[in-house]
Amino acid sequence: MPLKTERFYHFGAFRLDSKQRLLWNGGNLVPLSLKALETLLVLVENPGRLVEKDELMKRLWPDTFVEENNLAFNISVLRKALTDGQSGFAYIETIPRRGYRFVAPVTETGAPVPGQGAGTPLAPSPAGTRILPVGGSNETATDGIAAGPVPVSESGHARAKARGMPWLVAVAGAVLAAVAGCVCLLVRPLPPATAHNPRPLTNDGLAKECLGTDGQRLYFTERVSTGDLVLKQMSVNGGESEMMSAPGGNLGALDLSPDDSSILLSGSGDPGGSIWILPLPTGSPRLLGTLMGRNASWSPDGQSVVFCWGREVWVANQDGSNPRRVAVVTGNAWWPRWSPDGTRLRFAEAGPSSVAAPWYKLWGVSTDGAHLRPVLPRWKDAPGPEHGSWTPDGKYFVFDSTNEGKVDIWAIREKGGGIHWRSAEPMKLTDLSQNCAYPVFGPDNKRLFFVGSTARGSLEYLSPAEKQFVPFLDGISAEPVAYSSDGDWVAYVKYPEGTLWRMRSNRTESRELTFLPMKVHDFAWSPDGTQIAFSAATPTNPYENYLVQANGNGEPRKLQPGHHEREGIPSWSPNGRQMAFGDVPEKFGQGNKGNVIHVLDLLTGHAEALPRSEGFWSPRWSPDGRYIAALKDDDPNPDRQPLFVYDRKTKEWIDLHVDHVAELVWAHDGKHIYYDGESGHEGIFRVRLPDGRPEPVASTDNVLRALEHWFGLTPKDSPLILRDAGSEEIYSVDVDWR
């Protein structure tokens, strides 16, 4: 039988097994998805050669159309796995707009593995090998059977003992090897779970959340085109969904009672709303006493409920009586769930919507409030779970979590098998092209249901003639969007990729100015239209400011080299000589007096704090240069965020008596500030200077927005928004727990 050849690629401390699709760092196995490993294999097979993006896409997804950001995501994962103190860039080089090159030296070796079929002949011994007979005889040994030298003994017993010793050693070695193998099999870590056979169960594309199932029916909330949240049910095998009677309001976080006789509904807003019980299969909803909260769920015996109120986690009896607080955290408490044995709770701590993205931290606590502790304190792959729950048998805790913009479902093994030890590291269950969230298992522990989403937006503006939002620039998926001062050029950030582009206003001559893994938050044109300043996240810093030439020549450069603070979105002075930017708070809505507004002299590189700007951020320079508008972020109420302007002529701050501001933009003539309201004050408004009189501009009540708090202005000051044009469906996969 011919030999099978297994190829190994060696680079740095790493070894890639081409057959088994395994990557080793020294003696440690590097956990990577199959698609990431296949991406790496293509690159190391072509060291030093530019591998075009199209070639990679065809190799990795030959029969499937996927977005290019899937490739960029795999490259980002590889760079993180190959980190050697240089973020992996010592191995993979990005060639802007073209592809990638593996730049480290690669050594290829082959490991021959004998075939295992029956009848494989023994390899012959070297010709002419001879063996001396025991006793020193000069007789010729049998050809083809080799033996080592045997000591000559005068005693037959000694000769027999000498003949038996190798067999005893061999038997003892075999026994030891067998024992060692059994021990390794028993104490080795259990193999990771695998998910397969993904299939969509819905096909309407509407936003969905908060799944629950009894094994026969799926219950979920769906956000219809008007933005309203409705309750629906359908078969676990898919098909048509049915709307259910439910109380109005922003309800979600449904949980089925242990006997499947009712659904628990609670608010999803902050700090929370009424908690309701809806009988199944039909019935009128009723309030759960006077309880107020969000994300409520039943205990396994149905005798208690857990819910969140702001930063607090509470437990109460099943009729709403005897509420008692069991935990308090710094951020917002989110998505509490019971362990199947009813002794523990897990919940997420959600940061109050930071500028870039929310962050989450997983906590565990006993139901009596004891032993509050973080569950994944050292996990670096993602910022933490947002929605999680135990499998019905209690062996796994499953949750969704975001890693570099991609949401996947992970599992923590709670128990080992026999004397197997369990790994403390989460294992990834999904590796699909779409985001995967809201995981819930059926009663058999083998079928996982989740919401799969593909993000996309449609740019729209408020048409003065039609009095409604209609597509703008052919409805490109982009935010933010802004024009150069002469109106000839438009720059935008692709959504959801986060890369900065510019093109002519007639949609010609488009050019990419930044590249992944850098993700742009927001930007500002220079007054002369030759440069763009922007804030971006990189693998080493989530908030840094950069400058790039608008014509695309040259690479982006840091606005302040060597400065590593949390730099907010920059704003140019009208003469182009200065730049204003604030400090990004550690947590949105929890600013402090240490945060100030900086004014940077672009000629000298010297920055000074704007007078009395402590506690302010998000500055925007007025077109005439007299004012700098900013939000105050140290208010005791984190949602208030009042709007002020600094008068550079009088050197005084002016309170415009407008609050709950999420985003602000100056009108092109400088006479108004447009702003986006939040927290019960949704809509787009404007306030006139200097008298500070606000007026509504556009209602967004019936518009489902891709990004809730971004808006811009056209050259004629019509509001721009990004309508949600993505698709969300419910999926199921089969999970093999091994």
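Let's start with two helices, helix 1 (residues 34–44) and helix 2 (residues 53–60), whose axes come within 10 Å and cross at roughly 130 degrees. Axes here are lines fitted to C-alpha atoms, for helices over the stretch in contact, with angles from 0 to 180 degrees between N-to-C directions. That makes helix 1 oblique to helix 2; under 35 degrees counts as roughly parallel, over 145 as roughly antiparallel, 65 to 115 as roughly perpendicular, and the rest as oblique.

A word on the source: this is a predicted model, where local features need pLDDT of at least 70 and side-chain atom pairs count only at pLDDT 80 or more, while totals for chains, interfaces and linings use all residues. Residues are numbered from 1 along each chain as its sequence is written, and side-chain values use heavy atoms, leaving out hydrogens and water.

Who meets whom? On helix 1 we have K35, E38, T39, V42 and L43, and they meet L56, R59 and L60 of helix 2, contact being heavy atoms within 4.5 Å.

Now, zooming out, the chain has four helices and 55 strands. Both are DSSP runs numbered from the N terminus: helices are H or I with at least four residues, strands E with at least two.

Strands pair if DSSP finds at least two bridges between them. Strand 31 (residues 457–463) and strand 54 (residues 719–724) are joined by five bridges, and Y461 has L720 in strand 54 as its bridge partner.
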